[in-house]
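Have the structure open as you read.

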Amino acid sequence: MPRQPLFVPVVPDQKQNALYRNASSGRAPARASLQGAFDRLPNPDGNFVKDFQTTGFSARIWELYLAAYVNSIGISLDQPHERPDFLLSKGSQKVWLEATTANATEGAPVPAMPATPSNWQQGNAFAIKLGSALFSKLNKRYWELPHVAGMPLVIALADFHDSDPFRATSGPLTRYLYGTHLQVTSQAGERIQGTTHPIATIRTGRKTIPAHFFSHPDSEHISAVLFSNAGTIAKFDRMAYDPVIYPDMRMLRWGYAFDSDLAAVAPEPFAYMVGDAPETWGQEAIVFHNPHARHPVPTTFFEGALQLIWRNDGLLHNRVDFHPLVSLTETYIGTPAHMARLEPELRSRAMKLVLGLHERRPAMEAAILKEHHDWTPD
């Protein structure tokens, strides 16, 4: 049964979130898929629509993404208690899922950084943001609730602290969760080899936090961390897009994806017209399994996601066909006739983008290798 419409304003214009206002016009596929995800929520709280339209937009769209994802892989979603957010059921397996986001801190000073911060320094700043969100949830001690005790508990984490459209990748989070850094020692063109270093702390500017979240007291109650940088309007647009239903719209997606080549240091460029390639809700999702979990989650539970498992002093992962790391979706709107004329130009642009990104790949690999070779523990 349809619920309260997400895109009928319940607050004055001046109180609406800018991202909500943007989604309210010209994003017809996203509006339809967002409403569909909301309608499938069993028991959303009474402030959901107001939050979605104001200060809680990012948190609420993340919940809708999670609902769409688990529904797409045949997981039943219930909301029998106020917290954690969701009870997931797949066959006889039940898992609690608590959603959280890392957000910009209003009025807080930006940590001091060098004028030209390295990728490590930028990654550390990102990890500190995510670490703060995780510790906040850890301190809630959900496992002490009678209905949670003895069951797997997963924290679903997304980052909204930075408005950069190239949303953050999972590398810094990996280093933070497992407290290790793989320093690549091989050269360009060689099969990747490296040395694993333990990391005790994560530091940026004057702020330092302890690393290795999965080794902290009480973290054994967190079965896994699910992360995705795709809980966005663009994702909902792409997933609902059909050129027949929306002839006045075209979308071009481009970015970088995981490269399974054992000698690849830089990610693989890609570009395509939305609608030409299959896309799943879990395509960008990663499940970081806690090696110390009291109640582990089976690696088969969150289908379609990249699974990271710590085993024998190293990280293992499952094979996935296509795992975008970062991407940008360009949206074009006009008359159906104009879109039909524009489409060949966009296809040509997609080819040029991939060629251009490939041309820059050797320089990117050289820069990545230099940073790895120059890296020293704090």
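## Helix α4

How many residues does helix α4 have, and how far does it reach from its first C-alpha to its last? Helix α4 (residues 57-72) has 16 residues and reaches 22 Å, close to the 22 Å expected at 1.5 Å a residue. That expected span is 1.5 Å times one less than the number of residues. Helices here are DSSP runs of H or I with at least four residues, numbered from the N terminus.

A word on the source: this is a predicted model, where local features need pLDDT of at least 70, side-chain atom pairs count only at pLDDT 80 or more, and totals for chains, interfaces and linings use all residues. Residues are numbered from 1 along each chain as its sequence is written, and side-chain values use heavy atoms, with hydrogens and water left out.

Back to α4: 13 of its 16 residues are buried, so the helix is mostly covered (buried means under 20% relative accessible area, with a 1.4 Å probe and protein chains only). Just after α4 comes Gly74, with a positive phi of about 80°.

## The cores

The largest nonpolar core holds 45 residues, and Leu34 and Leu64 have the most contacts inside it. Helix α4 gives the most to this core, with 10 residues. A nonpolar core is a set of buried Ala, Val, Leu, Ile, Met, Phe, Trp, Tyr and Cys residues joined through side-chain atoms within 4.5 Å. Apart from this core lies another, of 34 residues, including Trp96 and Phe214.

What does Leu34 touch, leaving aside its neighbours within four places in sequence? Leu34 is in contact (heavy atoms within 4.5 Å) with Leu6, Phe7, Phe52, Ile61, Leu64, Ile233 and Phe236.

## α4 against α7

Two packed helices are described by the angle between their axes and the distance between the axes. For α4 and helix α7 (residues 233-240), the angle is about 35° and the axes are 10 Å apart. Axes are lines fitted to C-alpha atoms over the stretch in contact, and angles run from 0 to 180 degrees between N-to-C directions.

On the α4 side, Phe57, Ile61, Leu64 and Tyr65 meet Ile233, Lys235 and Phe236 of α7.

## Helix α6

Helix α6 (residues 171-178) is mostly covered too, with seven of its eight residues buried. Gly179 follows α6 and has a positive phi, near 65°.

Why does Thr174 count as buried? Because its relative accessibility is 14%. Leaving aside neighbours within four places in sequence, Thr174 is in contact with Gly179, Phe288, Leu308 and Leu315.

Conventions: Helices (H or I, at least four residues) and strands (E, at least two) are DSSP runs, numbered from the N terminus. Buried means under 20% relative accessible area, exposed over 50%, partly exposed in between (1.4 Å probe, protein chains only).
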